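Here's a quick briefing on ring contacts and a few local details. Have the viewer open and follow along.

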Amino acid sequence: MHKNKSIKLIKYYSFINYNLIYNNKAINRYKKDNFGITEDISNNLELLKKSIISQKNCDLKKKAKNIVFSDGNPKSKIMLIGEAPGASEDEEGLPFVGRAGILLDKMLSAINLDRKNVYISNIINYRPPENRKPTEEEIKRYLPFITKHIAIIRPKILVLLGSTAMNALIGSEVVISKMRGKWIEKKFGNSKTSVIVTFHPAFLMRQPAQKKLAWIDLKMIRDKKNNLNIN
Ligand code: URA
């Protein structure tokens, strides 16, 4: 091709942003957005996940289809923790994707949040059979993992959804009717976080009258987020 002609073509292609229009590299549609997290966080999360997967003699793990590790943005300063996966979560390997998850998404959206700007996990990473509550022993076994998980994410706001998450992380003596809607400070690893307890979405589906209290808690989370300049 004539030199001038090829220079013109190069200019033309860069002008029309040729690379964006045609690129013969395969598109990896399954690549998970890593939200630009540092290698450190990403490696630590990977290591944590591996140590959960490599547990020996865990009946929950043996019976479950998938590990349910987390969803959302690991860079978020807001972390939510539920109880344990249900059938839909076990199927998909993601937390809160069933009916309770739909309500959780609505609760988040009421305060202008969604899964791209929060990080979600559970106390237990495998589904308890028949959706029963996790036993004391199971909670004890998984507690070091979720504590480590919080220390890796270093949230500024930690939202505990329901009494299993509350009792596991705050103490077995507290009751949700007294504890919800209050900020407490707690340290995980090296960082301090403001913790709030609110009702679990599955409980709110059974007791819709309690949604007015949950709305108070959500507004507290929204205000704290604004005060801490979290975007
Ligand atoms: N309930 C939970 O506590 N966690 C889930 O992931 C789903 C339902």
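Predicted model: local features only at pLDDT ≥ 70, side-chain atom pairs only at ≥ 80, totals over all residues.

The structure holds three aromatic pairs, and ring pairs tie Tyr-126, Tyr-142 and Phe-145 together into a cluster. Elsewhere, Trp-183 has Lys-224 over its ring face and a bridge partner in strand 6.

**The tyrosine pair and its cluster**

- Tyr-126 and Tyr-142 pair up edge-to-face, with 6.4 Å centre to centre and 70° between the planes.
- That geometry is called edge-to-face because the angle is 70° and the cut-off is over 60 degrees.
- This pair links distant parts of the chain, with the two residues 16 apart.
- Tyr-126 sits in the loop between strand 3 (119-122) and helix 7 (136-153), while Tyr-142 is in helix 7 itself.
- Tyr-126 counts as buried because its relative accessibility is 4%.
- Tyr-142 comes out at 0% relative accessibility, so it counts as buried too.

**The phenylalanine pair**

- Phe-199 and Phe-203 form a tilted aromatic pair: 4.9 Å centre to centre, with 40° between the planes.
- Phe-199 has 7% relative accessibility, so it counts as buried.
- Phe-203 has a relative accessible area of 25%, so it is classed as partly exposed.

- What lies over the face of Trp-183? It's Lys-224, at 4.8 Å from the ring centre.
- Strand 5 (residues 183-188) and strand 6 (residues 191-198) run antiparallel, and six bridges join them.
- Trp-183 has Ile-196 as its bridge partner in strand 6.
- The hairpin of strand 5 and strand 6 has two residues between the strands, and Gly-189 takes a positive phi near 65° there.

**Ile-216 on helix 11**

- You'll find Ile-216 in helix 11 (residues 211-227).
- Is Ile-216 buried or partly exposed? Its relative accessible area is 40%, so Ile-216 is partly exposed.
- Ile-216 and Gly-181 are 35 residues apart along the chain, yet their C-alpha atoms are separated by 7.1 Å.

Conventions
Residues numbered from 1 in each chain as written. Heavy atoms only, no water. Phe/Tyr/Trp six-rings, centres within 6.5 Å; stacked < 30°, edge-to-face > 60°. Helix = DSSP H or I, 4+ residues; strand = E, 2+ residues; numbered from the N terminus. Buried < 20%, exposed > 50% of the residue type's maximum accessible area, 1.4 Å probe, protein only. Lys NZ or Arg CZ within 6 Å of the ring centre and 35° of its normal. Pairing = 2+ DSSP bridges.
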